[in-house]
Structure formats: C-alpha cells, structure tokens
Amino acid sequence: MTEVVATNETILVVGGGISGMTAAIEAAETGKRVVLVEKRPYLGGRVSQFYKYFPKMCFPTCGLEINQRRTKMNPNITVLTMAEVTSLEGEAGNYNATITLSPRYINENCTGCGDCAKVVEAEFDNEYDYGMSKRKGAYLPHVMAHPMRYVLDPAIIGTEEADKAKAACKVDAVDLDMQEEEVKFNCGAVIWATGWQPYDADKIQPYGHDRFDNVLSNVEFERMCDPKGPTGGKIVRPSDGKEAKNIAFIQCAGSRDRNHLYHCSRICCMATLKQTNYVTDALGDDADVTIYYIDIRSIDRFEDFYKKVQENDNVKFVKSKVASVTQDSDGNPVCNGVDTEGYNRYAQAHDLVILATGMEPSVDADKFPVDIVVNREGFIEADEKNGGIFAAGVASEALDVNRAVQHATGAALRAIQVVNRVASTEA
Amino acid sequence: MSDLNTNMIEKYRNSFLNEVEANVEEGEWVKMCMQCGVCSGSCPLGNAWDHPPQELFMMIRAGKREEVLSSDSMWMCTSCYNCIVRCPREVPITHIMHGLAHYAKRLGMQPKEQPTAKFAQLFWDNLMKKGRVNELKLGVDLYFKVGEGMKTAMKNKDIGMAMWKAKRMNPMEFFGGHAVKDLKGFQNAIKKAEELEAARLEKHKA
C-alpha cells in the first residue's frame, strides 16, 4: 500500500511537468510539505519530449535534470506517478483529495537494467514519440525518465509475456499482482499544473494531416529531429523514407481560428523558428525552408532570434495562411493559397509540410474533479471562487517554458500563503 | 492647419468603409478581416477574379470606391461557401460579395455586359411579373439575352422535350404563365420595400 503523510498544511500539486515540478520544488524548498501527482509514469511532461529549448537552443536534459534532482533530494516532496486526482472536496485550508494510482507492475527494486524489455516481444505505439515509433510491453518511457523505473503495459498482464518479464528480472522488481489503489489525504492548497496537449491536427481538415503521410504536426517533427527520436534525428519523409530538404511550415494551424482554437498559442512562431534551425543546422545550404505565416509573434527578446532566421538565405517567409494542402502524383504535399503581398496565387510542392499546431488545455473544462472557473478557451482563471486552488503554467494560459516556470513560482507563493494561514490558526 | 494637411486628411478619410458598412449587407464585417488569405486560396473560381475577396476588403479599407464598385470580381462568386467555412474570423465573405454586387448594381456602377448581373436582372423582372419565376421564359430569355440565342436553344432542345414528356415543363407557360394567388398584394409589398430601400439610400447620400 502507498502511504502519504499529509495535513492541512500540505500543498497538493497536480501535474508533474515543468510547471508542476517548479511549483512543488519552490514550495518544498521553503519548508512546506508537498504531494506531487503525475498521470504519466515519469516527471517532466511535454518538456521531456522536446529536442531543444528556444531561444538558447539548449537541451531539456539540462534544465529538466536539475529539477528532477531537486525533486528527488527534497524530503518534503512525495511523488506519485501514474496517479490521477479522482475527487477533491472542501475549501481553502481544508481539502480532501482522493488519488487513484494505476499499477506500474514494477516496484522500487527496479534498477533500470532493462532485462525485462529484452525478453518481452509485444510492441505498442510509443506515446512518447506521438506514435511514430514502437515500444516494448516492458519499457522505460524515455532515457532520462524519473523515476528511473520500467513500466509494464497493462495489456500484457495475464499473458506469457508478463511471466517472461518476471522471470528475467534479477532483483525481484516485477510484481504482477499489483492492483489499482486509492489514496486519500488532506491538503490545504492545490496547485493545478495539468498543462497542455497539442491541438489535434487531424481536425484541421483542409491541411490533410489525417490523409497525407508527409504532413506532420510540429510536435511530431520535434520528435523526428531528436537523435533519440523515431528516425534517430534524420529529417525524412514518412511516406518513402527519403531525406527531406524542401520543408514548409504552416503557422496558426488551428490557433487564432474561430473554427478551432480562439486563442493565439504564443509558442508556435518560436517553435517554428527553432525547428527551422534544426533543418538549417542539419542540411546547411541544402536546406530550403518556407514559412507561411499571418504575422510572426516573436515577442520581446525573441525578436533577435527571428531576425537571425530572416537573415538566412535558405529560409523564405511567405505572408499568407495556406488555404489547403493537396498531394501531387509524387506524394509531395502541395500548399495552395494566395499571398498577402501582391495577392499572388501559389501552388507550391514541398518534401514535407509541418503544421505549427497550438496548445489546448489537457483537461476538458467539464472533466475537473472539482468546480473550477475556466475561460472560454478552457484555461483556468485566477478567480476568488477557486478558493485554495491555483493554476500554474499552461493550465492558466498558453505559455512558453520560461514564462510557465515564472507563473508556477507565483502559484507556489499563493499556495504557501494559504497554508501559512492554516498554520497560524492551528498554532 | 495648412491646406496641404487638410487635403491629405481628406484624401485618407475612409468614408468608403463607412459607406460599405451602412449600405452593404454584412458590410460591418469588412473591418474584421485580418488578411490571412484563406478565403482567396479556398475560392474554386479564384483565378477568374481580378481581385480576390481578401484584396477587395483591403481596397475597401483603402477607400478605393470606384475600383471596388466597378469591379467584375464579386460577380464571380458562385456561393460555394468554402471561404465562409474556412475563415478563421467567421467573416460572412459570400454574403459580403453578394452585398457588394447588389450595392454596385443599385448605384449603376456594375461592369456593363456582366453576364451574372444581366442574369440577375432577368430573374428579377421575370419574378416581378407573376410573383413566381416562370422557368420556361427565364430559360428562353437567358438563351437570347446572355447566351447565343437560337444556337443555345437548339442545344437544349432534347432536354426540353424530355422535361415536357415527364410533365416537368408545360410549354403553355410561355404564353403568360400562372401567377401567385394574391398578385396585387405581392406587388404592393415589393413596392413598399423598394420605397423603404430608396429612402434609406437617400438618407445616407445626404
């Protein structure tokens, strides 16, 4: 059984991505007790799936690793992975939380040796690579997963595959009898850091993400560019595996569009400029990048980054939102539209088209386990009616990593104020 | 203020956008366009237009009254609604195109010999006579006033005969045709609407 020691002075952080980790660490390092709940089997969330950060083009393995270590070293933080908040009742200073833990089938004995993965043969779509690669039924979600423990896919439980994994384990870490369990505890304040998911590119019907192999979303392209990703970092066409050189980006794919997301997702312009760098770094003068845009929103100091990309002769900017993507007889995606600078009609074939899809809240407005005030786009409002529940990071609005972390620190401070009030009345 | 300044202010005073907002159906949406170009790229007849919708909107905002109202472009719209469906701002582009065409026609500024404009006039005149469209007369009018006359009529001869046999068309309709029940009432209603419309137009002119 999982035991959680918690009181009304404990802060519950929901979501273990970069915002949730930051909020948890900031609160814990001031001496507060924190329970960090994460749905995935590991911390780090979407950030762990990035190849590089903008604007410094450094790797998440750097910043994320420091936070993983701070989480691990701090005795005030209890981390629950594969866990979801199923019920939350009460008011600021006195909440009752119910957490449902899904079985991992691997206990704390796991050393991360990987013997189980060697013997298991069943394969599944790898969610870490957005389904672009396969993973085994016994798997480590990614190379720097924290906690560094394997996971058994529930689909192999009760099959010979599970028995093989158990037999292969030398440290007795495989526990096939693990059951789903419920944990209940008290907490004084809640930080909601459930983050985002990429807008489903299939819904943008004219762009054909669901029909054409060579139309990818930006999160898929991010995985493709990562040396640890499905193609080993090679930029190729999924249809025929040929190297892709002529690459188009379509901005505002789903964002700022009343048919899809009302809001500007803020990160997609910079994400595209970042990914343009992946292409020009990998291909040099062979790169031929076209960015179709309405306007480039590289806010404040990111303007320098934008200027540098503009200076690159291998990158072309076309002021136009592409009207539709079709496919020619060679399997090349073709961007059709009319540009705004001269109203010229174009039908341009590319090797690969990347849709710069935006962010939407990962939790539907009606799926929260507690009444919470959200805005039209489904992001959590800073509203007094939310009591002791505070949003951190992208749960509150579309933000980049830098701003999400700042926002999470602010949320931690608000939660600390609530539990401090509890402490002063109880003393 | 110097004359030069006043002249420049007059030059750039955007009275045409106001005029469009007041007189063109759904014209108040023109200012919402963010010039992304999805409408123009989505138009199946786009290459037949001198100015795609996105450009027309920009021209309205730039005060190019003559060029817009005498343009052939909005008459090319076939109401496929691709643009409305895809517009990220839900601008009712199709309706604005028809509104612009209608307004240009009211002012007598539409291009001469514009076939869509001619057909629209035939349709209207035809409808006004009996309060319902006499399809046979409209078809024949179309052949002779927009098409190639007898040649076009002969081309459609077989279809006409088949429709007659299937009782989908009555040749006797050609001589007068039947009217709606209360033709007088219908005509009065239209007359009243025309008076109101004329008064509104006059008011804006003043």
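The C-alpha centres of domain 2 and domain 3 of chain A lie 31 Å apart in this predicted model, with domain bounds taken from an automatic or database domain assignment. That assignment gives chain A domain 1 (10–102 + 180–195 + 362–426), domain 2 (115–161) and domain 3 (199–359). Five residues from domain 2 of chain A and six residues from domain 3 of chain A take part in the contact, where two residues are in contact if their C-beta atoms, placed from the backbone, lie within 7 Å.

A word on conventions: residues are numbered from 1 along each chain as its sequence is written, and chains are lettered from A and ligands numbered from 1 in the order in which they are written. Because this is a predicted model, local features need pLDDT of at least 70 and side-chain atom pairs count only at pLDDT 80 or more, while totals for chains, interfaces and linings use all residues.

Helices (H or I, at least four residues) and strands (E, at least two) are DSSP runs, numbered from the N terminus. A residue is buried if 20 or more other C-beta atoms lie within 10 Å of its own, exposed if 12 or fewer, and partly exposed in between, with C-beta atoms placed from the backbone.

| Helix | Buried residues |
|---|---|
| α1(A), residues 18–28 | eleven of the eleven residues |
| α6(A) | twelve of the 16 residues |

With that count, α1(A) is largely enclosed by the rest of the structure. Its buried residues pack against several elements of chain A, including β1 (10–14), α2 (60–73) and α8 (401–426).

Helix α6(A) is likewise largely enclosed by the rest of the structure. Among its buried residues are A:Cys268, A:Cys269 and A:Tyr278, and the partners they pack against include α5 (218–225) and β20 (352–357) of chain A. At 1.5 Å times one less than its number of residues, the 16 residues of α6(A) (268–283) should span 22 Å, and the end C-alpha atoms are 22 Å apart, which agrees. Just after α6(A), A:Gly284 takes a positive phi of about 60 degrees.

Chain B has a helix pair to look at. Helix α8 (residues 115–130) and helix α9 (residues 135–145) of chain B pack at an angle of about 145 degrees, with their axes 10 Å apart; axes are lines fitted to C-alpha atoms, for helices over the stretch in contact, and angles run from 0 to 180 degrees between N-to-C directions. Among the residues that meet are B:Phe119 in α8(B) and B:Leu138 in α9(B).

Finally, the chains touch: 18 residues of chain A are in contact with 17 residues of chain B.
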